[in-house]
Amino acid sequence: MPLLDVSELEISVHSTGGDIAVVKGVSFQVNKSGTIGIVGESGCGKSLTSLAIMGLLDGSQARTTGGTVRFEGTELLGLTMRERRKIMGNQMSMIFQEPMTSLNPVYRVGDQIAEALRQHRSLTRKAARERAIELLRMVRIPRPDERIDCFPHQLSGGQRQRVMVAIAIACEPKLLIADEPTTALDVTVQKEILGLLRDLQEQTGMAVVLISHDLGVVAETCDFVAIMYRGKIVETGRAEDVFSSVAHPYTRGLLNSIPPVDRDVEVLNEIPGRVPSIEQNVPGCSFHSRCTIAAGICREIDPEFSTVSGKHEVRCHFALGSNNRAE
Amino acid sequence: MTLLGSIGSAVFGRWLATTGLIWLALVAISAVAAPLIAPFDPLEINPIERLSEPAPPYLFGTDHFGRDTFSRAVYGARMASIIGCGSVLVALFAGGLCGMLSAYFPQLGHVLMRVVDVLMAFPALLLALVLMTLLERSVINTVIVIGIVYAATTARILYGMTLKLKGEVFVDAAICTGAGHSSVLLRHIFPNLISPLLVQASFVFAFSQLQAAALDFLGLGLPPEVPSWGNMLAEERIYITRAPWLLIFPGALIILTVFSLNLVGDAIRDAIDPRFRGDIAGV
């Protein structure tokens, strides 16, 4: 049984013209200690998916309208807030994109870590503080016994993200959802945080869902990837399979738009066109308007998943050949 | 730097705000130690000495009953403090609770904030007048009415701030660690609202003084025998040409107190504005 089993997840947002499904039929599994990367450009629904798994969609803007999310066999979507609170922070936790705003500015960081601990473990104040120092040491914050009494504004962005990681792993969760954890950070800090996450994963054996728009990051850290476009997973498989034999034109486009570092280019490669607005109902394959190999059938029939090899699946009528290496 | 420390340095860093604070301290001392400071009983009638000019032993003169104006002014400080603190408590508690809950639970907010809108559609004084005509004249009713009038503005301010805080990532992060509604509201949102509440308190205090004086003047505030600055103005207004000191002293007290409150309030607001709170240890 997979640790996390998301199946046919559908998320809708309110609009004047009625509800619009912005995430459609998203399914993926995460095994114990596994790492899955969910990749896609802004607005493709990857963050909404992670928020839905954590139950953070309160219905005021977006809500889950279909599908199931099972964690260790327990269906999460129907849980009451009270039941869910036992799992959140304890069995699964999340870190966010913005380290600048994800810590409460009025509390010392030590108190924020301790709170996460005391929520689920009956620890004394002193024991919680000691554990908090230990956690800060685990996330490699120098002089943790001093830093524990800092307010968030006294820490740098990278350190704040480390504190967030410390809070997230405080209760040794089985699953960590990282929603673009390094997007707001410098490249060097980014590398450190990713390295930290990988080391922590090795130490604790937790599974990680890494949401990112950075293919490089995903290729480096994940053993499974799912590429999303306009609310649907368009290509999924083991990371080495997907990156070595790209099957979907969108994935190919994304890979091609990474600028080469070994030579100068005048014009950067891009995927032509723009993502159609979510309010627009696109018949057929949602990518056809930007696809270079689209044909008549793409405008009429939305392709189902077809297997490329093993677990590598793709939604495309003209899946690129298995030997198509990304240039 | 702590919040109190930064407020302290902002208040004492400006001579105007410092003067205001000293004045407020004097008012507070008078309020607490009124029986020790006042040379006469504020209610003692002495018809022989009526309408005396300011001169020892009557520092501020006497009114048309021969009561010592200085003693009445000192006891007036006590009333001013009671009305101010009481209204602040009512306004901040009722308004704060209403604003926070409305923002956090949108369904509740739809109803509560419409009530607030209706309250805010009335001019403050008119609303206070309407409410006071329904109630008996007493200290507690005056406090409640002024409190309700300013609860509406407080609710509006806190509604907006809570709405903004509710969208902050740290609130989502708290929910992710398993925090429930009460914990999110009390432990994560409320502490971020203390600074704006403090500023709001200073302004509600100032406005409550004006409002109370206006109600007293119109004969709808405190019972007439209670020595308050507003009542003094109301009772002695017909003697403005014969004995102007009867109006000058209480009027000046109201002006000075409200002005001081505004100065201190401004200083507090500047102190807690995050743009002036910069001590980031870049590590």
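Q: Which residue in β7(A) is the bridge partner of M92(A)?
A: The bridge partner is L175(A). The model is predicted, with local features needing pLDDT of at least 70 and side-chain atom pairs counting only at pLDDT 80 or more, while totals for chains, interfaces and linings use all residues. Residues are numbered from 1 along each chain as its sequence is written, and chains are lettered from A and ligands numbered from 1 in the order in which they are written.

Q: How many bridges are there between β6(A) and β7(A), and in which sense do they pair?
A: Four bridges, and β6(A) pairs with β7(A), residues 175-179, in the parallel sense. Two strands pair if DSSP finds at least two bridges between them. Strands (E, at least two residues) and helices (H or I, at least four) are DSSP runs numbered from the N terminus.

Q: What order do the strands of the open sheet in chain A take?
A: The order is β6-β7-β8-β3-β9-β10-β12-β11, eight strands with mixed pairing.

Q: Which strands stand at the edges?
A: β6 and β11 (306-309) of chain A; each has a single partner strand, so one side of each is left without a neighbour in the sheet.

Q: Changing topic. Which residues of α5(B) are buried?
A: G109(B), M113(B) and V116(B). Buried takes 20 or more other C-beta atoms within 10 Å of the residue's own, with C-beta atoms placed from the backbone.

Q: What do they pack against?
A: Those buried residues of α5(B) pack against α4 (69-104) and α7 (139-166) of chain B.

Q: Where do the axes of α4(B) and α5(B) cross, in degrees?
A: At roughly 140°, and the two axes come within 7 Å. Axes are lines fitted to C-alpha atoms, for helices over the stretch in contact, and angles run from 0 to 180 degrees between N-to-C directions.

Q: Which residues make the contact?
A: From α4(B), C98(B), L101(B), S102(B) and A103(B); from α5(B), L108(B), G109(B), L112(B), M113(B) and V116(B). Contact requires C-beta atoms, placed from the backbone, within 7 Å.

Q: What about the chains: how many residues does each give to the contact?
A: Chain A gives 27 residues and chain B gives 19.

Q: Which element gives the most on the side of chain A that touches chain B?
A: α3(A), with three residues.

Q: How do the residues on that side of chain A divide by class?
A: There are 12 nonpolar, 13 polar and two charged residues. Nonpolar covers Ala, Val, Leu, Ile, Met, Phe, Trp, Tyr, Cys and Pro, charged covers Asp, Glu, Lys and Arg, and the others, Gly among them, count as polar.

Conventions:
A residue is buried if 20 or more other C-beta atoms lie within 10 Å of its own, exposed if 12 or fewer, and partly exposed in between; C-beta atoms are placed from the backbone. Two residues are in contact if their C-beta atoms, placed from the backbone, lie within 7 Å.
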